[in-house]
Amino acid sequence: MNNSKTAALGKIAAMCAALLPCSAFAAGSIEGSVDFSGKVPTAAKLHREADPFCAKKPMTDPSVSVKSGKLENVWVHISKGAKEVPVAAGAKEVEMDQKDCMYEPRMAVAQVGQKIRAKNGDPVLHNVHTYLGATTVFNKGMPNDKTPAIEYVAKEEGMMKWKCDVHPWMRGFIGISKHPYQAVTGADGSFKIDNVPPGKYTIESWHEKYGTKTQEITVEEGKPAKASFKYDGTEKGTG
């Protein structure tokens, strides 16, 4: 290879090297909160008396958790406009545990291609029955806390609903997307989605009792885009 070609290739390589650090800062973010303006429903007692182990720990229905007008456990994700992104190498598996006859966490997120791991932390039988829409994903019994974990690789996007056919009050949810641009609101109702490429998107919120809401949003390079969703308690979900 002559010197002129070598020099040209060297310049191109130098330009690429210079651009790579910049690309890490090109993405923006989406941040905001989910507000609840209606009357917060009184959490009903869960009737767990049929199972002596479960009955040891009285609990109330955790499906609606509101603090200072902010709604917890809402899945917020880009529903339109984002390209599919492979799961990052070394990504942690998503765990769904069963503790004190409840699914934990109540709400989580995963990507298509990411491993999901179900555990039984209780010394009693649970039957893990999961759905995408009306379709069963898997339906397996886990006799006790010595049972090996169930491992599953997410294949489709959507809301993966978890139920126990032995204990009907048990519910869990994993929102699955083809990309990582998703989050779950915390106890303060806030969420933040990082590393979002600049562009126009439809962003959606999903709550197990109050359903979905959408809005359009524009993410600019290196800047946080603000988004907020509001529920008043009259909405109906599909959880």
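Mentor: Start with how the chain folds back on itself. Among contacts in the protein chain between residues at least 6 apart in sequence, 66% join residues at least 24 apart. A contact here means heavy atoms within 4.5 Å. This is a predicted model, where local features need pLDDT of at least 70, side-chain atom pairs count only at pLDDT 80 or more, and totals for chains, interfaces and linings use all residues. Residues are numbered from 1 along each chain as its sequence is written, and side-chain values use heavy atoms, with hydrogens and water left out.

Now the outline. The protein chain has two helices and 18 strands. Both kinds of element are DSSP runs, numbered from the N terminus: helices are H or I with at least four residues, strands are E with at least two. Of the 239 residues in the protein chain, 40% count as buried. Buried means under 20% relative accessible area, exposed means over 50%, and partly exposed lies in between (1.4 Å probe, protein chains only). The accessible surface of the protein chain comes to about 12900 Å², and 55% of this belongs to carbon and sulfur atoms. Such areas come from the Shrake-Rupley method with a 1.4 Å probe; for residues, only the protein chains shown count as cover.

Five strands form an open sheet in the order β7-β13-β12-β9-β10, with mixed pairing. Its edge strands are β7 (107-111) and β10 (135-142), and each pairs on one side only. From one strand to the next, the twist averages 20°. Two strands count as paired if DSSP finds at least two bridges between them. Strands of a sheet pair through backbone hydrogen bonds, either parallel or antiparallel.

Follow two of these pairings. β9 and β10 run antiparallel, joined by seven bridges. H129 has N139 in β10 as its bridge partner. The hairpin of β9 and β10 has two residues between the strands, and G133 takes a positive phi near 65° there. Next, β12 (residues 158-164) and β13 (residues 171-177) pair in the antiparallel sense over six bridges. M160 is bridged to I174 in β13.

In soluble globular proteins, nonpolar side chains tend to be buried together. Leaving aside neighbours within four places in sequence, M160 is in contact with residues including I116, T130, L132, V137, F138, Y152 and I174.

N120 sits between β8 (115-118) and β9 (126-132). What is its exposure, buried or exposed? N120 is buried, at 5% relative accessible area. Its side chain reaches two backbone oxygens: that of V124 at 3.0 Å, and that of M142 at 3.0 Å. These are polar contacts, meaning pairs of N or O atoms within 3.5 Å; within protein, one must be able to donate a hydrogen and the other to accept it, and residues adjacent in sequence count only if both atoms are side-chain atoms. Beyond four places in sequence, N120 touches D97, Q98, H126, M142, P143, N144 and D145.

P123 lies in the loop between β8 and β9 too. P123 counts as partly exposed, with 48% relative accessibility. P123 and N144 are 21 residues apart in sequence, but their C-alpha atoms are 4.5 Å apart. Not counting residues up to four places away, P123 touches F53, N144 and D145.

For context, look at a few other strands. β4 (residues 75-80) runs antiparallel to β14 (residues 182-184), with three bridges. β4 also pairs with β16 (residues 199-207), antiparallel, over five bridges. In that pairing, W75 stands opposite W206 in β16. Y201 is found in β16 and is buried, at 5% relative accessible area. A polar atom of the Y201 side chain lies 2.5 Å from the backbone oxygen of P197.

How values were computed
Axes are lines fitted to C-alpha atoms, for helices over the stretch in contact, and angles run from 0 to 180 degrees between N-to-C directions.
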